Amino acid sequence: MTRASERPTEAFASPIIDLRQYTLYPGTRDDFVNLFDGQFVETQEACGMTLIGQFRDLGDPNKFVWMRGFDSLTSRMQALNEFYLHSEAWARCGEQARSCMIDSTDALMLKPICPERAFRLHNPALRPALESPPAPGLIVVTLYYLPDRPEPDFLDFLCNAVEPSQARAGARIVGLFTREYSANGFPRLPLRENEHVVVSFAAYDSIDVYHRYLTAIGQDGHWRSDVYPALVRRLYGRPQVLRLSPTSRSLLRP
């Protein structure tokens, strides 16, 4: 299988991203994916956003996870206003989308820890058609919750101790983000604003590759005895892990 780093990509360092997790009514996710990928991708990008990725959560058949990027806080506010208040696509299909949702308030506004740790995306001009098969592979999102804002020493520990161990076991880290603490410029869409979190994104070419990664890191004595215990001591609770399968039109994919 061709690795993502060997495929045509473009540099992408959006300073602001939204990570959104929707809980849908049972049995509606595939219809929601078709609606979203068919009606809300190019139409949101026309308002000034980048549709980074859309995913089925493999751990919950009723969860849909997606991300969009913005050039700045100001452009975020402008783009969201344009799409939700003025776009024909949302006026036409918004109620149908809302009818599938039990909850749409699980959302974080994030920023890369530095430009080099943002995503590198496939060229949007090469985005597959809606009828294409789902993208192979897996994106695994790990949310590290902290008791306070992340300090440089915690980020250094992630970059210099945690990620090297994960890489040796077979992880391919594709992004590292912290919460953006600026005010939400579009309060019509609430955000989780009372939490401190660092979010890591890793890519695997298949679920079997991910399982081999779990076995390898579980057998790593240095990880078990030193790195993971030191990581957990720094956290507020255990890490949250999302195993995400990209939809056919997701730009972020292995």
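The structure holds 11 salt bridges, a salt bridge being a side-chain nitrogen of Lys or Arg within 4 Å of a carboxyl oxygen of Asp or Glu. This is a predicted model, in which local features need pLDDT of at least 70 and side-chain atom pairs count only at pLDDT 80 or more, while totals for chains, interfaces and linings use all residues. Residues are numbered from 1 along each chain as its sequence is written, and side-chain values use heavy atoms, with hydrogens and water left out.

**D18 and R68**

- D18 pairs with R68 in a salt bridge, and their closest N and O atoms are 3.8 Å apart.
- Because D18 sits in strand 2 (residues 16-24) and R68 in strand 4 (residues 63-70), the pair ties together parts that are 50 residues apart in sequence. Helices (H or I, at least four residues) and strands (E, at least two) are DSSP runs, numbered from the N terminus.
- Both D18 and R68 are buried. Buried means under 20% relative accessible area, exposed means over 50%, and partly exposed lies in between (1.4 Å probe, protein chains only).
- A network of salt bridges links D18, R68 and R76.

**R56 and D30**

- R56 and D30 also meet through their side chains, in a salt bridge of 3.2 Å from N to O.
- R56 belongs to strand 3 (residues 50-57) and D30 to helix 1 (residues 29-39), so this pair ties together parts that are 26 residues apart in sequence.
- R56 is buried, at a relative accessible area of 18%, whereas D30 is partly exposed, at 47%.

**D106 and R192**

- The side chains of D106 and R192 form a salt bridge of 2.6 Å, N to O.
- Here distant parts of the chain are linked: D106 is in strand 5 (residues 101-112), and R192 is in the loop between strand 8 (172-179) and strand 9 (196-204), 86 residues apart.
- D106 counts as partly exposed, with 22% relative accessibility, while R192 is buried, with a relative accessible area of 15%.

- D148, E151, D153 and D156 form a negative surface patch. Patches are made of residues with over 30% relative accessible area and no salt bridge, like charges being joined within 9 Å and nonpolar side chains (Val, Leu, Ile, Met, Phe, Trp, Tyr) within 5 Å.
- Asp and Glu count as negative, Lys and Arg as positive, and His and the chain ends are not counted.
- One of the patch residues, D156, is found in helix 5 (residues 152-169). D156 is partly exposed, with a relative accessible area of 44%.

Definitions and conventions. Accessible areas come from the Shrake-Rupley method with a 1.4 Å probe; for residues, only the protein chains shown count as cover. The place of a charge is taken as NZ of Lys, CZ of Arg, CG of Asp or CD of Glu.
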